[in-house]
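Hello,

Here is the structure I promised to pass on. Please have a look at it first, and my notes follow below.

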Amino acid sequence: MPELPEVEYNRRRLQRAMAGARIIRVTVRQPKLRYDISDDLVARLEGQTVHAVERRAKYLLIALASGDRLLMHLGMSGWFRVARSTRHLETHDHVIVEMSNGAVVIFNDPRRFGFMRLLSPDDQATHAPLTRLGPEPLAKTFDAAALAAGIARRKTSLKIALSDQRVVGGLGNIYAVEALHRAGLSPRRKAATLVTKRGAPRQPAHALVQAIKDVLTEAIRRQARPGDGNPFRVYDREGQPCPRPGCRGIIRRIVQGGRSTYYCPVCQR
Ligand SMILES: [Zn+2]
């Protein structure tokens, strides 16, 4: 399933292919994605200049000169590729966007849990998944104070708090697990212990924010040259030795909120 780093990697490729160019032709070969593609989508896209391709949590947004934004989600198996022609289309190439600069942007999604939905400026201000999202993890606005504001007075564990889109947008299970290990914080620790009674962030909140930014930045960098094998320090490494230098702990797996958490019971407190 595409996580934030994969979504950001797709965004950067789309930005290079589309920003500043005009949409010449849109072909919908399969309208039945997670939601049906609306009948007016092609007419509202064709002829529009693309201002920018943006990302919010795990959503992509194509900002158009008309003020509309095309909201897209990769679902379970969606991805974009950029070609130079419409030859060599594949079975699961559902939407083809031809640009004035010659780029052909192709949305491919074998399982069809992805979607595309055109939002007017009014829709953008009220659209539920977008308006409910907390701060963007890689933005400057996501700092220890923002994290403290999100988790103060929470009765839940840190891991559950980080999985809440209102605390931080689009972090995802894998990167929450990795960031907690890097920050040396137990996923079972009460979230509110990172905040003073007056609502100020304690030192571990600063460490956790930095760890979140670091694991995501490194994962985005990895997208360009994916290797074989598990690239994570603790995720999916139950029973293996903790990778922290000098730590003799063994990685343990527990289930929190229905999702697998991996952590070292020795160095994560
Ligand atoms: Zn350890």
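This is a predicted model: local features need pLDDT of at least 70, side-chain atom pairs count only at pLDDT 80 or more; totals for chains, interfaces and linings use all residues.

Residues are numbered from 1 along each chain as its sequence is written, and side-chain values use heavy atoms, with hydrogens and water left out.

**Aromatic rings**

Searching the whole structure gives six aromatic pairs. Rings of Phe, Tyr and Trp (its six-membered ring) pair if their centres lie within 6.5 Å; planes under 30 degrees apart count as stacked, over 60 as edge-to-face and the rest as tilted. Phe115 and Tyr35 make a tilted pair, at 5.0 Å centre to centre and 55° between the planes. Tyr35 is in the loop between β1 (23-28) and α2 (41-45) and Phe115 in strand β8 (residues 115-119), so their pairing ties together parts that are 80 residues apart in sequence. Helices (H or I, at least four residues) and strands (E, at least two) are DSSP runs, numbered from the N terminus. Tyr35 itself is partly exposed, at 35% relative accessible area. The charged end of Arg117 sits over the Tyr35 ring, 4.6 Å from its centre (for this, NZ of Lys or CZ of Arg must be within 6 Å of the ring centre and within 35 degrees of the ring normal).

Elsewhere, ring pairs join Tyr175, Phe232, Tyr235 and Tyr262 into a cluster. Tyr262 is buried, with 7% relative accessibility.

**Nonpolar cores**

A nonpolar core here is a set of buried Ala, Val, Leu, Ile, Met, Phe, Trp, Tyr and Cys residues joined through side-chain atoms within 4.5 Å. The largest has 32 residues, and Leu147, Leu162 and Leu208 have the most contacts inside it. At least two residues of this core come from each of α5 (144-151), α6 (158-162), α7 (173-183) and α8, and α8 gives the largest share, eight residues. Apart from this core lies another, of 28 residues, among them Val26, Ile62, Leu74 and Met99.

**The sheet**

Four strands make an open, antiparallel sheet in the order β1-β6-β7-β5, where strands pair if DSSP finds at least two bridges between them. β1 and β5 (79-83) are the edge strands. Within β6, Met99 is the bridge partner of Ile23.

Enjoy exploring!

Terms used. Buried means under 20% relative accessible area, exposed over 50%, partly exposed in between (1.4 Å probe, protein chains only).
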